[in-house]
Each structure stands twice: as C-alpha cells, then as structure tokens.
Amino acid sequence: MQKLTPQLFKDLLSKQSKIAFCFDYDGTLVELAKENIVHAALFPQSTAKLLNELVKKAPVAIITGRELKNLKALLDNQLDPAIHLYGTHGAEMGEDSDDNQYEEELNKIRAIFTEDPDIEFEQKRISITIHYLNHPQPQELLNKLRELAKNYSKIFRIQEGRDFFEFLPVNVNKGMAILDASRKYLDHYFLYFGDDLTDNFAFNEVNKLDGLSCQVSARIKDGQAGYLIDKVTDLHQLIACYLDQ
Ligand SMILES: [Mg+2]
C-alpha cells in the first residue's frame, strides 16, 4: 500500500476529467466513536461543509454499514441532498428498507446474547451487528458467534469488523453500492476511502474499475486498498486539496 500524499493525490486526479468520490462513514469521514457506538459519531459541521462544497464539483456517495435511518439521524440534515447515501452496506440505496424477511432469525440470534452486558447491539432490518469493543473476553465471544454462524451459513455471512461481528445476508456487501454508483456515473474515475474489513468489498470493486482505493489508518492488516492515509483529518485535507484546484 502506497502512502497517498496530497501531491500524489493531485497528480493522480490531474489525469482524470470526471471523478466520483465515495466514502465510508465511521473512522473515515468521522472519528470512531469510543462508546455508544450506534448513536455517537455525530457529523461535524466542518465536514458537512466540505462535502457540500465537494458535491458542487463531483458526485459524492457515503456507503456505510449503518442502517440508513441511523446514518440520516447522525447527518442531521446537514448534507446537500445531491449526496448519495447507501445504508446497510449498500442494501439500502437511497431509501430506507422495509424488508423484514430475516426478522425472525435475527431476533433468535439477538436473544442468545441479550444477557451479556458487554455487548452493544445494532439491530437493523436485514442484519444485526454485535459490537464488542469493551468486552472482557472477546475471544470467547467470537468463538461462540462463529459456532452459531454455522447454523445460518445459507442465509447469513459473518462480516467481521475491527470490533464487531455482523450477521448479514450472504449477498450483501459494500461492493454493491460501488456497482450502483458506477452505473449512475459511467466514465467516472472512482475513489473510495474506508477504514475497516467491510470496506474491502468496495476497495475490490473500485480496483476493478481502475479507480483509486484508499485505506484510512493502518489498523486493519489485510486491506485490499491500493493506497493508505493515516487518519480522518488526512482525508479532509485531501478533499480540501481537490477543492483548491
Ligand atoms: Mg468505517
């Protein structure tokens, strides 16, 4: 993975006439929340301003594992509606999902862990995320989850994140959102920034499109991105750099 400096970023973009910017949310556009993961991670005004400037020059999309209504609550109407929002790893494309086909199974999975005080649940329409950031015995928990997942392998896959496990329908991943955006914006040079294992699907899709994939922070070790930046504020700097051109 090559370091993406502002100068290199400028050089790479200078060869392109049409550019589309895609971002993960947590740990990419905003700093990771340390606790109350589902509801923290509010969207700073300064970042809203930056993206609202950006969308005047290029298409912009945010692709998150959060449910769309949760993302919208965090964004708090600060963003230009021209910015595309994808929730639940791309399963929700602009509109909230009302798909309840997995409800029964998800409730069963949740029931198994409700007694554990060190888990924070993020229940969505079609998936459930089990956050274990502050869990005293994460390995035991992971083993239990992996064992459980075997029973559901036809319906759900386990998406491992840095500090969560998600039961997600087998075909859903962030690459879907990139594909959708790439159909909307043909002939664009796609950029994707993300910080977690869930973003590998989007990195791979962008790589196939000969776009620019960039991991934010070296925290995950087997990232599929071509480039690396150290932190959230470095991304803000790159966006500002593009806007200055
Ligand atoms: Mg993230």
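In the largest nonpolar core, which has 55 residues, Cys22, Tyr192 and Ala202 touch the most other members. A nonpolar core here is a set of buried Ala, Val, Leu, Ile, Met, Phe, Trp, Tyr and Cys residues joined through C-beta atoms within 7 Å. "Buried" is a matter of counting: 20 or more other C-beta atoms lie within 10 Å of the residue's own, while 12 or fewer makes it exposed and anything in between partly exposed, with C-beta atoms placed from the backbone. Strand β10 (residues 189-194) gives the most to this core, namely 5 residues. Strands are DSSP runs (E, at least two residues), numbered from the N terminus.

This is a predicted model, so local features need pLDDT of at least 70 and side-chain atom pairs count only at pLDDT 80 or more, though totals for chains, interfaces and linings use all residues. Residues are numbered from 1 along each chain as its sequence is written.

Now for the domains, whose bounds come from an automatic or database domain assignment. The chain is split into domain 1 (20-26 + 58-97 + 172-244) and domain 2 (103-169). Their C-alpha centres lie 24 Å apart. Where they meet, 12 residues come from domain 1 and 11 residues from domain 2; contact means C-beta atoms, placed from the backbone, within 7 Å. And the core?

Finally, look at arginine 157, found in strand β8 (residues 156-160). Arginine 157 is partly exposed because 18 other C-beta atoms lie within 10 Å. Leaving aside neighbours within four places in sequence, arginine 157 is in contact with Leu168 and Val170.

Methods. Helix = DSSP H or I, 4+ residues; strand = E, 2+ residues; numbered from the N terminus. Contact = placed C-beta atoms within 7 Å.
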